[in-house]
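The following exercises concern the structure shown below. Each task is followed by a solution in steps.

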Amino acid sequence: MSLAAFALSLALQQAPTGPAPAGAQDPKELFARSKCVACHGEGGRGDTDKGRKLKAPDFTTAKWFDETTDKEIRDTIRNGVKNKKGKVLMPAYKTKLTPEQMEDLAAYVRTFLKR
Ligand code: HEC
(Lines give C-alpha, C1' and ligand atoms only; values in the text may rest on other atoms or scores of the structure.)
Protein backbone atom coordinates (compact mmCIF):
# COMPACT_ATOMS: atom_id res chain seq x y z
CA MET A 1 0.00 0.00 0.00
CA SER A 2 1.34 3.47 -0.84
CA LEU A 3 1.81 5.98 1.92
CA ALA A 4 -1.03 8.11 0.54
CA ALA A 5 -3.38 5.15 0.47
CA PHE A 6 -2.36 4.21 3.99
CA ALA A 7 -3.00 7.74 5.23
CA LEU A 8 -6.36 7.75 3.49
CA SER A 9 -7.35 4.44 5.04
CA LEU A 10 -6.46 5.81 8.48
CA ALA A 11 -8.45 8.96 7.85
CA LEU A 12 -11.45 6.89 6.77
CA GLN A 13 -11.24 4.70 9.88
CA GLN A 14 -11.25 7.75 12.08
CA ALA A 15 -13.85 9.72 10.16
CA PRO A 16 -16.84 10.47 12.37
CA THR A 17 -19.92 8.64 11.23
CA GLY A 18 -22.04 11.75 11.53
CA PRO A 19 -24.96 12.39 13.84
CA ALA A 20 -27.19 9.40 14.36
CA PRO A 21 -30.82 9.96 13.42
CA ALA A 22 -32.99 10.74 16.43
CA GLY A 23 -33.95 7.66 18.38
CA ALA A 24 -31.50 5.46 16.49
CA GLN A 25 -28.60 5.72 18.90
CA ASP A 26 -27.34 2.40 20.15
CA PRO A 27 -28.39 2.28 23.83
CA LYS A 28 -25.39 0.09 24.64
CA GLU A 29 -23.11 2.85 23.41
CA LEU A 30 -25.12 5.45 25.30
CA PHE A 31 -24.82 3.35 28.47
CA ALA A 32 -21.03 3.33 28.02
CA ARG A 33 -20.66 6.94 26.92
CA SER A 34 -22.81 8.27 29.79
CA LYS A 35 -20.46 6.44 32.21
CA CYS A 36 -23.22 4.18 33.50
CA VAL A 37 -20.78 1.30 32.98
CA ALA A 38 -18.35 2.72 35.56
CA CYS A 39 -20.78 1.73 38.29
CA HIS A 40 -23.21 -0.66 36.65
CA GLY A 41 -20.74 -2.65 34.56
CA GLU A 42 -21.12 -3.60 30.93
CA GLY A 43 -23.34 -6.53 31.86
CA GLY A 44 -25.46 -4.49 34.29
CA ARG A 45 -24.37 -6.50 37.34
CA GLY A 46 -23.01 -3.55 39.29
CA ASP A 47 -19.82 -5.58 39.70
CA THR A 48 -17.25 -2.83 39.11
CA ASP A 49 -15.13 -1.46 41.98
CA LYS A 50 -17.28 1.66 42.11
CA GLY A 51 -20.50 -0.29 41.75
CA ARG A 52 -19.60 -2.57 44.64
CA LYS A 53 -18.58 0.32 46.83
CA LEU A 54 -21.79 2.28 46.14
CA LYS A 55 -23.97 -0.86 46.14
CA ALA A 56 -25.30 -0.57 42.63
CA PRO A 57 -28.09 -3.08 41.99
CA ASP A 58 -27.68 -6.19 39.82
CA PHE A 59 -29.93 -5.57 36.81
CA THR A 60 -29.67 -9.23 35.75
CA THR A 61 -31.68 -10.59 38.68
CA ALA A 62 -35.39 -11.35 38.59
CA LYS A 63 -35.62 -9.86 42.08
CA TRP A 64 -34.46 -6.42 40.91
CA PHE A 65 -36.46 -6.65 37.70
CA ASP A 66 -39.71 -7.55 39.45
CA GLU A 67 -39.38 -5.15 42.37
CA THR A 68 -38.54 -2.11 40.28
CA THR A 69 -41.11 -0.14 38.35
CA ASP A 70 -40.48 1.68 35.08
CA LYS A 71 -41.26 4.90 36.90
CA GLU A 72 -38.56 4.20 39.52
CA ILE A 73 -36.05 3.52 36.77
CA ARG A 74 -36.92 6.72 34.93
CA ASP A 75 -36.90 8.81 38.13
CA THR A 76 -33.52 7.40 39.15
CA ILE A 77 -31.92 8.21 35.81
CA ARG A 78 -33.44 11.71 35.84
CA ASN A 79 -32.73 12.65 39.44
CA GLY A 80 -29.93 10.33 40.56
CA VAL A 81 -29.70 8.96 44.07
CA LYS A 82 -28.28 10.44 47.27
CA ASN A 83 -27.93 8.70 50.60
CA LYS A 84 -29.32 10.11 53.84
CA LYS A 85 -26.18 12.20 54.36
CA GLY A 86 -26.55 13.78 50.93
CA LYS A 87 -23.67 11.87 49.36
CA VAL A 88 -24.28 11.23 45.67
CA LEU A 89 -24.57 7.52 45.01
CA MET A 90 -25.64 8.04 41.43
CA PRO A 91 -25.51 11.36 39.55
CA ALA A 92 -28.64 12.92 38.05
CA TYR A 93 -28.81 12.85 34.26
CA LYS A 94 -31.68 15.24 33.54
CA THR A 95 -29.29 18.02 32.48
CA LYS A 96 -26.91 15.68 30.62
CA LEU A 97 -29.25 13.58 28.52
CA THR A 98 -32.32 14.27 26.43
CA PRO A 99 -35.66 12.81 27.52
CA GLU A 100 -35.40 10.39 24.58
CA GLN A 101 -31.96 9.22 25.67
CA MET A 102 -33.17 8.66 29.23
CA GLU A 103 -36.15 6.75 27.88
CA ASP A 104 -33.83 4.55 25.77
CA LEU A 105 -31.61 3.86 28.77
CA ALA A 106 -34.59 3.02 30.96
CA ALA A 107 -35.61 0.42 28.38
CA TYR A 108 -32.02 -0.77 28.02
CA VAL A 109 -31.51 -1.57 31.71
CA ARG A 110 -34.52 -3.89 31.44
CA THR A 111 -32.69 -6.00 28.85
CA PHE A 112 -30.03 -7.32 31.27
CA LEU A 113 -32.41 -9.77 32.97
CA LYS A 114 -31.27 -13.41 32.90
CA ARG A 115 -34.12 -15.71 33.86
C1 HEC B 1 -21.33 6.83 40.29
C2 HEC B 1 -21.96 5.54 40.04
C3 HEC B 1 -23.18 5.46 39.13
C4 HEC B 1 -23.32 5.94 37.86
C5 HEC B 1 -22.31 6.70 37.03
C6 HEC B 1 -24.64 5.53 37.41
N7 HEC B 1 -25.27 4.85 38.42
FE8 HEC B 1 -27.13 4.08 38.34
N9 HEC B 1 -27.02 3.56 40.31
C10 HEC B 1 -25.88 3.69 41.09
C11 HEC B 1 -26.18 3.24 42.44
C12 HEC B 1 -25.20 3.21 43.61
C13 HEC B 1 -27.53 2.83 42.45
C14 HEC B 1 -28.34 2.33 43.63
C15 HEC B 1 -28.82 3.52 44.39
C16 HEC B 1 -29.63 3.14 45.60
O17 HEC B 1 -29.02 2.80 46.61
O18 HEC B 1 -30.87 3.19 45.51
C19 HEC B 1 -28.01 3.03 41.08
C20 HEC B 1 -29.29 2.71 40.65
C21 HEC B 1 -29.68 2.71 39.32
C22 HEC B 1 -30.93 2.19 38.85
C23 HEC B 1 -31.96 1.45 39.71
C24 HEC B 1 -33.12 2.25 40.12
C25 HEC B 1 -34.03 1.44 41.02
O26 HEC B 1 -35.09 1.97 41.37
O27 HEC B 1 -33.72 0.31 41.39
C28 HEC B 1 -30.96 2.39 37.51
C29 HEC B 1 -32.06 2.00 36.54
C30 HEC B 1 -29.73 3.06 37.14
N31 HEC B 1 -28.98 3.23 38.28
C32 HEC B 1 -29.39 3.42 35.87
C33 HEC B 1 -28.25 4.15 35.53
C34 HEC B 1 -27.97 4.67 34.21
C35 HEC B 1 -28.84 4.44 33.00
C36 HEC B 1 -26.80 5.36 34.30
C37 HEC B 1 -26.11 6.16 33.22
C38 HEC B 1 -26.92 7.15 32.51
C39 HEC B 1 -26.33 5.24 35.68
N40 HEC B 1 -27.24 4.51 36.38
C41 HEC B 1 -25.17 5.80 36.17
C42 HEC B 1 -24.66 4.19 40.69
C43 HEC B 1 -24.41 4.80 39.47
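Predicted model: local features only at pLDDT ≥ 70, side-chain atom pairs only at ≥ 80, totals over all residues.

**Exercise 1. Carry out the analysis of Exercise 1 for K35.**

Step 1. K35 is found in the loop between α2 (27-33) and α3.

Step 2. Because K35 has 13 C-beta neighbours inside 10 Å, it counts as partly exposed.

Step 3. The phi of K35 is near 70°, again a positive value in a residue other than glycine.

**Exercise 2. Describe the order of secondary structure elements and the extent of burial in the chain.**

Step 1. The chain contains seven helices and two strands.

Step 2. Along the sequence these elements follow the pattern α-α-α-α-α-α-β-β-α.

Step 3. Of the 115 residues in the chain, 10% are buried.

Step 4. Two residues are in contact if their C-beta atoms, placed from the backbone, lie within 7 Å. Among contacts with a separation of 6 or more, 45% join residues 24 or more positions apart.

**Exercise 3. Characterise the packing of helix α6 against helix α7.**

Step 1. Helix α6 (residues 70-79) and helix α7 (residues 99-109) pack at about 130°, and their axes are 10 Å apart. Axes are lines fitted to C-alpha atoms, for helices over the stretch in contact, and angles run from 0 to 180 degrees between N-to-C directions.

Step 2. Angles under 35 degrees count as roughly parallel, over 145 as roughly antiparallel, 65 to 115 as roughly perpendicular and the rest as oblique. The helices α6 and α7 are therefore oblique to each other.

Step 3. The crossing of α6 and α7 is right-handed, that is, the near helix is turned clockwise from the far one by less than a right angle.

Step 4. On the α6 side the contact is made by D70, I73, R74, I77 and R78, and on the α7 side by M102, L105, A106 and V109.

Step 5. Six of these contact residues are nonpolar, none is polar and three are charged. In this scheme Ala, Val, Leu, Ile, Met, Phe, Trp, Tyr, Cys and Pro are nonpolar, Asp, Glu, Lys and Arg are charged, and the others, Gly among them, are polar.

Step 6. R74 lies in helix α6 and, leaving aside neighbours within four places in sequence, is in contact with M102 and A106. Since R74 has 16 C-beta neighbours inside 10 Å, it counts as partly exposed. The C-alpha atoms of R74 and E103, 29 residues apart along the chain, are separated by 7.1 Å.

**Exercise 4. Locate F59 and G44 and list their contacts beyond four places in sequence.**

Step 1. F59 is in the loop between α4 and α5, whereas G44 is in the loop between α3 and α4.

Step 2. F59 counts as buried because it has 22 C-beta neighbours inside 10 Å. G44 is likewise buried, with 25 other C-beta atoms within 10 Å.

Step 3. F59 touches H40, G44, W64, V109 and F112. G44 is in contact with F59, T60, V109 and F112.

Step 4. The C-alpha atoms of F59 and L113, 54 residues apart along the chain, are separated by 6.2 Å. For G44 and F112, 68 residues apart, the C-alpha separation is 6.2 Å.

Definitions and conventions: Residues numbered from 1 in each chain as written. Helix = DSSP H or I, 4+ residues; strand = E, 2+ residues; numbered from the N terminus. Buried ≥ 20, exposed ≤ 12 C-beta atoms within 10 Å, placed from the backbone.
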